Amino acid sequence: MKRRWTASPAPFRQQGQRAPTQRFVDQFARVYTPVVFVLAVLVAIVPPLFFGMPWYDWIYKALVLLVIACPCALVISTPVTIVSGLASAARRGILVKGGVYLEQGRQLKTVALDKTGTITHGKPVLTDVVPLSQLSREEALHIAASLDSLSEHPVATAIVSAYAGDVATVDNFEALPGRGVKGTINGVTYFVGNHRLIEDLKVCSPSVEETLDRLEIEAKTAVVLATESESLAVLAVADTIRDTSKTAIAELKALGVEMIMLTGDNDKTAKAVALQVGITDARGEMLPDDKLAAIEEMLKRGPVGMVGDGVNDAPALARSSIGFAMGAAGTDTAIETADVALMQDDLRKLPEFIRLSKKTSQILWQNIIFALGIKMVFFVLALTGEGTLWMAVFADAGASLIVVANGLRLLRGDGRA
């Protein structure tokens, strides 16, 4: 299915807003322009009318003042810099929905990351099938694969890929977000899901707990095949960590960003994976609502980024200050909800985005200070009679060219601040 890159309808989103610096410049120009115009009129008429000075000289000075005061350089510098930053991000494989997110990236102090498909490849492989009843290994795998054939979850895909035979017909199939799936085969209702699901079904026995603990300590993701009355088998899959994840997390730490893992996987697997990549705060067995609540709590401390790839991550992506979707592995829902897509599923794009955001902000303020500074200098020259009309024209056009050239610097280099 072709993925679309469209604006999210989520109520938390602000895609229509301009970048903060651009709004500041617009508001400043709205006040600055009429004030300067009134000042120029006063310069033209007050000295001749009240002090008997030559009309020609003071009208000339007023014209010089008007030309110098033209806010072209100030107004044009911001959109040019923002567009250059967005183009630079796109060249790096980072698609950003608007300048507001490019500017806010430098403010991120906390980033929450999903595990499967974000830190790991999201392509787990079935490693264990442990029968818990009279059901054989092949029968357990047949039933689990039949149910999971209707699911798009990476764990389900791994189970289906490991089963070579024909799947059974499943009636009344239902996905249970954050828990697993259920369906009816030959009149019997089966469930395939995580620890939380079998706890809800009240079919978690000591032998099930022992098997789950053993597999989870090995950093495997374990699911249970069960009916409404008993657990039938435990199936475990193992996912590999992306080579880029450790590097990305080390770079984020160097940038002073705190990282938290939020995953629907069990706590033991989450902590084992987090330990391997250098994350100290890992929270497992989280439903979509739990992830949303965690983001809400983090937002009280400042701007928060959320990185995910699945439907379960969509509410948290929508609520975060900036939502990042893994561009290739991500679902349509995650990509459409997020503000930034990290193409090639490379988590290193995240610190690169933050560095580019810092560089963009730095250049924006360089342009603003330069544009205002050069106008202040020529204001003084105009009022003292040292500035000429031609000097004002060249100063205005020159300042515009300089700020544009400075903004275009974002199109080269690596975006490091």
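**Close-up views of a predicted model**

Figure 1. Thr-110 stands opposite Val-304, a residue of strand 11. The structure shown here and in the following views is a predicted model. Strand 2, residues 110-113, is joined to strand 11 by four bridges, and the two strands run parallel.

**Figure 2. Strand 11 and its pairing with strand 12.** Strand 12 covers residues 322-326 and runs parallel to strand 11, with four bridges joining the two. Within this pairing, Gly-305 stands opposite Ile-322 of strand 12.

Figure 3. Strand 11 spans residues 304-308, and five of its five residues are buried, so the strand is largely enclosed by the rest of the structure. From this strand, Val-304, Met-306 and Gly-308 point one way, whereas Gly-305 and Val-307 point the other way. The residues on both sides are buried, that is, each has under 20% relative accessible area.

**Figure 4. The packing of helix 3 against helix 15.** Two packed helices are described by the angle between their axes and the distance between the axes. Here, the axes of helix 3 (residues 72-91) and helix 15 (residues 389-407) come within 8 Å and cross at roughly 15°. Helix 3 is therefore roughly parallel to helix 15, because angles under 35 degrees count as roughly parallel. The crossing of these two helices is right-handed. On the side of helix 3, the contact is made by Cys-72, Ala-73, Ile-76, Ser-77, Val-80, Thr-81 and Ser-84. Helix 15 contributes Asp-396, Ala-399, Ser-400, Val-403, Val-404 and Gly-407. Sorted by class, the residues of this contact are seven nonpolar, five polar and one charged.

**Figure 5. The backbone at Asn-172.** Most residues other than glycine have a negative phi. Asn-172 is not a glycine, yet it has a positive phi of about 55°. This residue lies in strand 4, which comprises residues 171-176. Asn-172 has a relative accessibility of 62% and therefore counts as exposed, the cut-off for exposed being over 50%.

**Figure 6. The backbone at Gln-344.** Gln-344 has a positive phi of about 65°, although it is not a glycine. The residue is found in the loop between strand 13 (340-342) and helix 14 (349-383). Is Gln-344 buried or exposed? With 57% relative accessibility, Gln-344 counts as exposed.

Technical notes
Residues numbered from 1 in each chain as written. Predicted model: local features only at pLDDT ≥ 70, side-chain atom pairs only at ≥ 80, totals over all residues. Heavy atoms only, no water. Axes fitted to C-alpha atoms, helices over the stretch in contact; angles between N-to-C directions. Parallel < 35°, antiparallel > 145°, perpendicular 65-115°, else oblique. Left-handed = near helix turned anticlockwise from the far one by under 90°. Contact = heavy atoms within 4.5 Å. Nonpolar A, V, L, I, M, F, W, Y, C, P; charged D, E, K, R; others polar. Buried < 20%, exposed > 50% of the residue type's maximum accessible area, 1.4 Å probe, protein only. Pairing = 2+ DSSP bridges.
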